[in-house]
Amino acid sequence: MEDELMRIGVSIPSRLLSAFDQVINRRGYSSRSEAIRDAIRGYLLDYESLGQTEGEQIGVITLVYNHEQRGLISLLTDIQHENASIITSTIHIHLDTTNCLEIDVVRGSSTEITGFAEKMMVQSGVFQVRMFVIPALSLASAEKIKHNSINVGYSDRSPD
Ligand code: NI
């Protein structure tokens, strides 16, 4: 059954829209609506894939924001203090006169990490939040493999 099409009106800064239009032209979209539908599908997929990881995760969250946005710095600082238990370290880079790049290295459950990232993502003045998360367990098993290979090396040399 064909899904009913809904019409929506959205306000978008002109520079953001023209950057979007450039990308969709290069990609060969014939209509802006189709490109926006695909962008929304991609957004939903990202959201779903983040919720599927179990156990302890290690990750990096990057955010770009305008530090001149009224109240934003103090809001972000509050959010970071509330999530201090999962933040391992933070790097702050001043990109230009108004924009900052912040990198948070995090360790915790995927619920904690995505909750933290989402709180920052929705604030006005925050342009972009990206996450890279891997299960901490995969690091532990990589370490185990390394240890095993060392043990094999020793046993080769041990006299019988
Ligand atoms: Ni800065």
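Biologist: What pattern does the chain follow when read along the sequence?

Modeller: In this predicted model, the chain runs α-α-β-α-β-β-α-β-α. That order comprises five helices and four strands.

Biologist: Why is Gln 69 called partly exposed?

Modeller: Gln 69 has 15 C-beta neighbours inside 10 Å. A residue is buried at 20 or more and exposed at 12 or fewer, so the count of 15 for Gln 69 falls in between, and the residue is classed as partly exposed.

Biologist: Where does Gln 69 lie, and what is Gln 69 in contact with, leaving aside its neighbours within four places in sequence?

Modeller: Gln 69 belongs to the loop between β1 (56-66) and α3 (72-82). With those neighbours left aside, Gln 69 is in contact with Ser 124 and Gly 125; contact requires C-beta atoms within 7 Å. Gly 125 is 56 residues from Gln 69 in sequence, yet their C-alpha atoms are 5.6 Å apart.

Biologist: What makes the span of helix α1 close to the expected one?

Modeller: Helix α1 covers residues 14-27, which is 14 residues. From first C-alpha to last, α1 reaches 20 Å, and the span expected at 1.5 Å a residue is 20 Å. Just after α1, Gly 28 adopts a positive phi of about 90 degrees.

Biologist: Why is α1 said to lie largely in the open?

Modeller: The number of buried residues among the 14 of α1 is zero, so the helix lies largely in the open. For the chain, buried residues make up 10% of the 160 residues.

Conventions: Residues are numbered from 1 along each chain as its sequence is written. This is a predicted model: local features need pLDDT of at least 70, side-chain atom pairs count only at pLDDT 80 or more; totals for chains, interfaces and linings use all residues. Helices (H or I, at least four residues) and strands (E, at least two) are DSSP runs, numbered from the N terminus. Two residues are in contact if their C-beta atoms, placed from the backbone, lie within 7 Å. The expected span of a helix is 1.5 Å times one less than its number of residues.
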